[in-house]
Amino acid sequence: MKKSTISGAIFYYTSFLLLTNLVFSTTIHAQSPFYQGKSIRLIAGTQAGSLADLWPRLIADHMGKHIAGNPGIVVQNMPGAGGVIAANYVYNVAKPDGLTLGTVSPSIYMDQIIGRKEIQFDWAKFNWIGSPEQYDYVFIMRGDSPYKSIDDIRRAAEPPKCGAPGTGSHFYQIPKLMEETLGTKFTIVTGYQGAPDVDVAIERGEMHCRTVTVTAYFGREPFLTWGKNRFVRPLVQTGRKPSPSLPEVPTVYELMDRYKTPEVGRRLATLVLAPGEFGRPMMAPPGVPAERVKILREALNKTLGDPELLAAAKKRDWPVSPVAGEELQSLATEVIAQPPEVVQRLKKILGE
């Protein structure tokens, strides 16, 4: 064989090997899961230690194994303004790459509806991933206060003081709703960093009242001790039907019947209490690729059915009633679209 022929054969063989390796490497790279070797940040818009912080931490402990590539998930607290700071961050600062998620107070969309300038997000444009539960609230009062019932609050010369992180939180909005629909009066003090600070203020006697989810009231401290020692008294619950755990506590709807609340007030109550339908929502920024949103939604669904997570939740007396991301997406669009008359009543509640 001629030398040139041998050289040509070697050239083509070498070229074939290089091309094969390139194709093989490209194929392997394409098949590697996006989340492999990466970590996900889960921004929690609350202080560490509250139930709104503990739920995302439990999810973070289990969700990574349900995502191809097994990414680590790290919870980062970003408290302030009832979750508005965290929501603004996730919407505007976080890259839309599926590596940053958020969980915030589900009631802050009301600040968007009334046009508050600090709101720098569009609730309906988040990519909603899902929620571990839906819930109702209970309004609690210090047991040694003179306010033993809603009638006592209606008649009081001096309103009770309720603490709140911000106007976008249920701490603020539910007492305001009661003022609008039940004829009560409250002095609401805002500016607390989060729920634990409000609890300390109540223990010190600086505040009388706050709202809390029924789940937290029966599932974590300080409420377990408070209830056992009768340090606080539940006065109102927000469910349409009484919780089996609070059979003697009237609902907002029962009280609206008693006080003959007009229809516009009832519509307002439905809007203000809708956060319970969102539960403890997890979302991603707008613009995250659809396939990654799908991966995250499926992973959360699997996580909330994970036997290890369910066992941990049962041990803590946390109910698990998952809400799909698609359902939250639809709900987010629905609650933002409100007629002008409802917006005006909401502005009145929120002090605009």
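Trainee: At what angle do helix α2 and helix α13 pack, and how far apart are their axes?

Mentor: Two packed helices are described by the angle between their axes and the distance between the axes. Here α2 (residues 51-63) and α13 (residues 290-303) pack at about 100 degrees, with axes 10 Å apart. That makes α2 roughly perpendicular to α13 (65 to 115 degrees counts as such). The axes are lines fitted to C-alpha atoms over the stretch in contact, and angles run from 0 to 180 degrees between N-to-C directions. Helices are DSSP runs of H or I, at least four residues, and strands are E runs of at least two, numbered from the N terminus.

One caution: this is a predicted model, where local features need pLDDT of at least 70, side-chain atom pairs need 80 or more, and totals for chains, interfaces and linings use all residues. Residues are numbered from 1 along each chain, and side-chain values use heavy atoms, leaving out hydrogens and water.

Trainee: Which residues of α2 and α13 meet?

Mentor: I59, H62 and M63 in α2 meet L296, A299, L300 and T303 in α13 (contact means heavy atoms within 4.5 Å).

Trainee: What does K65 form a salt bridge with?

Mentor: Side chains of opposite charge can pair when their charged atoms come close. K65 pairs with D306, their closest N and O atoms being 3.1 Å apart (the cut-off is a Lys or Arg side-chain nitrogen within 4 Å of an Asp or Glu carboxyl oxygen). K65 lies in the loop between α2 and β2 (72-77) and D306 in the loop between α13 and α14 (307-315), so the pair ties together parts 241 residues apart in sequence.

Definitions and conventions: Parallel < 35°, antiparallel > 145°, perpendicular 65-115°, else oblique.
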